[in-house]
Amino acid sequence: MKFQVQTGVVQVSQSSNKRMRRLCIFSFYDPEGQVDDYVVYFLKELGKHVDEILLYSNGPLLPHSEEALRSVVAEIIIRPNFGFDVLAYKEGLEKIDFDAERQFDEVLMVNHTCYGPIYPFEELFSEMDSRSCDFWGVTAHMEMVPNPFTGTGRLPYHINTNFLAVRADLLRSPPFRKYWSSVQGASNYEEAIQGHETLFTQHFTDLGYVSDTYLDCRKYGTHYPAILDIDETLVDRNPLLKRRAFFHDPRFLEHYAADLPRALEVLARTSTYDQELIWRNVIRSAELRNLNTNAALTSIFPDVRLKQDGTKPDYGRIAVCAHVYYTDMLEELLQLADTIPTEYDFIATTETAEKKAFIEQAVAGRKNVGNVIVRVVERNRGRDMSSLFITCRDLFLDDRYALVCRLHTKKSPQVAAGRANMFKRHMFENLLNSPGYTTNVLDMFHDKPWVGVAVPPLVHIGYPTMGHVWFSNLEKAEIFKQGLDLKVNFDPETPVGAFGTMFWFRPKALRKLFDHQWQWEDFNPEPHHVDGGLAHVLERLICYVAQDAGYTTQQIINAQLAGWNFSMLEYKLQKFSAALPNADFTGQFNFLDHWKRTGYRIDAPHPAPPEPVVIEMGILPHASPPAPPTIRQALGVLMLSAKRSIAYRFPGLVRALRSPSASPRQEDQTP
């Protein structure tokens, strides 16, 4: 290609079809030194348009990861984890002496924070080769006033520096060399953004150099299209999908209605990109609750099969594994299992030889049942959890089953009959509701090999689970997390769990639970099947063990129960919202969080509502700890708590003390 420099603009002559000579400086970081397949694929595809890739890793790499990279990059440089990607770019530019030997027409500075190419890089480079500019990127961030980092001034329009291309005229210029000589290492993410990304575009534009972006980001109407319009940018064939959208605080995405689920639908419909590359990576670092919220990992299945082609794939060998304590519920379980559209093995555990014989007779000749395995547990200590992970462990360690549905005869006699029956139906009818529904579940596992566990959504109707479902199990869960060597983070408030301990699972996803040599004595003795015991802890560990193994958890619900659950959730949320100052979700959350931090003091001052700009860049306001209560205030709160406790436990006594002259008839009429 022939280059003509005019007032800082590189003009590309169209008289030659020779592609640009490119170098890529690629910045990578992983706290465990693991390079996932999405990075290798990204670099392999990029290598079709780049002559040389220098990979800078901010920290050591695992041997197998380093080996995988050597097939797609020219050189790997290990540097300290300091300065984020900015200093990696700086070191790369200095290594080539800002192309003093004139080897390249363009240098790319790219990092690992995107999946891609969602659409072929050929589209990107062909388009940008035809444009006249000095530097370019894929997307840009709009100008903001005031600057959300400082609260004053302005944040200038700038190209997102996760993918930035600099052409020869700017690359070899004294101003470019001078700019990088002044770049210092940042100590945190915000400093890295303010010290380079938000300055680069404005700095060189002011010097007369011309920038461009592959997508015209001014058209989307938000300040950060790469995330806030993530779906619309894919409609416009954005080759990059931001990883942050999957694990970012859902409050930020909710505030702008950023539609990651639609982006994934567009990707599935219009791209050949292998989605498994995404899920195998993001599951390692995301908090499950955030991931399941942002990506909407909840499937509402109808009672007819969604795939209309009529053919069924090979689902692999399937089993139903049931703990049958109440034999009068066995027929109900078998009717549910009848909805499985292919042959399955029926595995059952129970606590007596008499029940074993009853189960074997009831299952004999049943529709679609292959092998029948019925075992008597040594003890009923631990109930359905111990029977699964002790009595049946050998069945799920040899990879004979591709998929298992775990059930048990649930009655919950300790709670009101209506609540117990609702909880049972929430389990049964969201796992095996009808032949069409169950086929949809099997299709999901077949089509999404990254899904390791499928559970009904968190039960909340009739149960105070929302925000508190760890109950007294978190401390024990942390202990078992270390014992099982789980490299995941627990969700702090509401874990994603197999509540009710009925779920679909791939045995490979729960290998660590079956590998562990659980003992009967590890479980609480009867009748003390209580919170804080191993059975209830395992209930909350299941999805995190799958996460540690590299699998996501999908929530599944049938259409009828989805309608009821959504209506009840909407009712609950609007009642809470109506009782709070008028604000968006984040504002109301901050109000309540501040009150919680004061110890729910009645006299606690209300926090000032956050300025809307505070969360513009995805920076959520940090709640400052409140002043500690005085002794007098603490005693007042204690007395109030005691009064409330007495009123809750002895309502009749309180009413009698308040109205000693009231007759029983009058008391009965009191609302």
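In this predicted model, strand β3 is covered on both of its faces: Arg22, Cys24, Phe26 and Phe28 on one side, and Leu23, Ile25 and Ser27 on the other, are all buried. Counted along the strand, seven of the seven residues of β3 are buried, and β3 is thus described as mostly covered.

**The seven-stranded sheet**

Strand β3 belongs to an open sheet of seven strands, arranged in the order β5-β4-β3-β6-β11-β8-β12, with mixed pairing. The edges of this sheet are formed by β5 (75–79) and β12 (211–213), each of which pairs on one side only. Neighbouring strands are turned by 20° against each other on average, when direction is ignored.

Within this order, β3 runs parallel to β6, to which six bridges join it, and the bridge partner of Arg22 in β6 is Glu106. With β4, strand β3 likewise pairs in the parallel sense, over six bridges, and here Phe28 has Ser57 of β4 as its bridge partner.

Helix α4 (residues 121–129) touches β3 (22–28), β6 (106–111), β8 (135–137), β11 (163–167) and β12, and its direction makes about 35° with that of β11. Helix α7 also packs on the sheet, where it touches β8, β11 and β12, and its direction makes about 150° with that of β8.

**Thr198 in helix α7**

Helix α7 spans residues 189–206 and includes Thr198. Is Thr198 buried or exposed? Its relative accessible area is 4%, which is under the 20% cut-off, so Thr198 is buried. The side chain of Thr198 reaches the backbone oxygen of Gln194 at 3.4 Å. When residues up to four places away in sequence are not counted, Thr198 touches Leu155, Pro156, His158 and Ile193.

**The eight-stranded sheet**

A further open sheet contains eight strands in the order β14-β21-β19-β20-β18-β15-β16-β17, and its pairing is mixed. Strands β14 (298–301) and β17 (369–376) stand at the edges, and because each has a single partner strand, one side of each is left without a neighbour in the sheet. The twist from one strand to the next averages 20°.

Inside this sheet, β19 (residues 451–455) and β20 (residues 503–505) pair in the antiparallel sense over two bridges, and Val453 has Phe505 of β20 as its bridge partner. Helix α15 (residues 330–337) packs on this sheet, touching β15 (318–323), β16 (344–350) and β18 (403–408), and its direction makes about 160° with that of β16.

| Strand pair | Sense | Bridges | Bridge partners |
|---|---|---|---|
| β3 and β6 | parallel | six bridges | Arg22 and Glu106 |
| β3 and β4 | parallel | six bridges | Phe28 and Ser57 |
| β19 and β20 | antiparallel | two bridges | Val453 and Phe505 |

Note on methods:
Residues are numbered from 1 along each chain as its sequence is written. This is a predicted model: local features need pLDDT of at least 70, side-chain atom pairs count only at pLDDT 80 or more; totals for chains, interfaces and linings use all residues. Side-chain values use heavy atoms; hydrogens and water are left out. Two strands pair if DSSP finds at least two bridges between them. Helices (H or I, at least four residues) and strands (E, at least two) are DSSP runs, numbered from the N terminus. Axes are lines fitted to C-alpha atoms, for helices over the stretch in contact, and angles run from 0 to 180 degrees between N-to-C directions. Contact means heavy atoms within 4.5 Å. Buried means under 20% relative accessible area, exposed over 50%, partly exposed in between (1.4 Å probe, protein chains only). A polar contact is a pair of N or O atoms within 3.5 Å; within protein, one must be able to donate a hydrogen and the other to accept it, and residues adjacent in sequence count only if both atoms are side-chain atoms.
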